Amino acid sequence: MTSQAVRIDQHGGPEELKLVEVQVGEPGPGQIRIRHKAIGLNFIDVYQRSGLYPMSMPLQLGMEASGIVEAVGEGVTHLQPGDRAAYASQPPGSYCEVRVMPAKCVCRLPDAISFETGAAMMLKGLTAQYLLRRVQPQGGLLPGDFVLFHAAAGGVGLIACQWAKALGLQLIGTAGSDEKCALAKANGAAFVINYTTEDFVARVKEITGGQGVKVVYDSVGKDTFERSLDCLRPFGLMASFGNASGPVPPVAPGLLAAKGSLYLTRQTLFSHITTRETTQEMADDLFGMVTSGKIVIRIDQRFALADVAEAHRTLEARKTTGCTILTL
């Protein structure tokens with residue numbers, strides 16, 4: 001069978017994204033074939049397209065989607081043809097109608113969660129899950145603790161705001177406009193900082209009574225990294241998990257000593273979902289938070305698959321809030 005798919009033949013700008021026809025075969029051992037209902041858009045797609053994360057060419061982009069399982073290969077027992085399913089998974093390839101892919105990171109989607117929500121929430125929701133539940137500062141995170149979360153009005157950020165509130169944490173969210181700050185506050189951030197008009201280091205110190213936060217979660221990268229270290233209390237944890245403003249320059253270990261014997265980690269979701277068991281455990285945590293109503297997934301932008309270049313331009317221009325999906 002054939003499928004429409006978005007492919008690039010070389011790294012570059014959104015103009016490299018081309019809609020093409022591809023052949024789709026039968027799933028092999030450990031694989032499934034899935035027909036997508038909706039596709040998620042993420043900053044990692046931009047990094048792979050631009051070459052910040054170099055990839056082999058030609059490349060079919062996309063890291064998350066939802067749909068219906070059409071066929072399963074040998075050894076796949078957790079999914080059956082006809083199942084509603086959703087995933088965040090390597091290798092890339094979700095920007096398409098139908099694909100064959102590894103089954104281990106694909107999860108059955110609860111009936112209470114729509115396909116659009118499933119496509120929007122897997123990569124961003126699992127990212128929020130591992131950050132708040134698995135990337136812990138010394139002594140762990142306890143109700144009442146302060147954490148700093150950059151880009152709090154983005155897809156991961158709005159989920160993290162709600163999750164942090166449910167855990168009793170005092171999340172301080174930063175964003176680039178008063179409107180985005182209001183959105184983060186409405187979604188559970190205890191405090192918000194507009195980093196274009198306020199000094200976020202000074203505000204964090206003011207909010208925390210001069211103590212600083214236990215952990216900073218930073219997907220912005222170059223523009224916020226060093227000043228984020230100044231927001232941490234002694235022995236605090238700097239958790240870098242993205243590069244929206246560009247990659248962080250090399251860091252001298254002595255800098256961490258000078259700023260309070262800090263911890264530094266560079267995290268990625270795909271290190272956390274290497275096994276079927278861990279993927280399912282994390283997804284069940286996420287599904288439970290969504291079906292209980294403690295987390296609402298906001299889909300603020302929808303683009304047709306054919307308009308994927310416009311979707312990338314909008315994302316890169318920081319004009320999005322919440323989640324963005326591609327529709328079929």
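**Exercise 1. Count the aromatic pairs in this predicted model and describe the one in helix α1.**

Step 1. Apply the rule: rings of Phe, Tyr and Trp (its six-membered ring) pair if their centres lie within 6.5 Å; planes under 30 degrees apart are stacked, over 60 edge-to-face, the rest tilted. The count comes to five aromatic pairs.

Step 2. Take F43 and Y47. Their centres are 5.9 Å apart and the planes make 35°, a tilted pair.

Step 3. Because F43 and Y47 are four residues apart in helix α1, about one helical turn separates them. Helices are DSSP runs of H or I with at least four residues, strands are runs of E with at least two, and both are numbered from the N terminus.

Step 4. Check burial (buried is under 20% relative accessible area, exposed over 50%, partly exposed in between; 1.4 Å probe, protein chains only). F43, at 24%, is partly exposed. Y47, at 7%, is buried.

Step 5. F43, Y47 and Y53 form one aromatic cluster.

**Conventions.** Residues are numbered from 1 along each chain as its sequence is written. In this predicted model local features need pLDDT of at least 70 and side-chain atom pairs pLDDT 80 or more, while totals for chains, interfaces and linings use all residues; side-chain values use heavy atoms, without hydrogens and water.

**Exercise 2. Characterise the largest pocket.**

Step 1. Define it. On a 1 Å grid over the protein atoms alone, a pocket is an open set of points where a 1.4 Å probe fits, with protein on both sides within 12 Å along at least five of seven lines; lining residues have an atom within 4 Å of a point.

Step 2. Read the volume, the space filled by probe spheres set on the points, which are joined across faces, edges and corners. The largest pocket has about 830 Å³.

Step 3. List the lining. It has 43 residues; F43, Y47, V156, S219 and A244 are closest to the centre.

Step 4. Assign elements. α2 gives the most, four residues.
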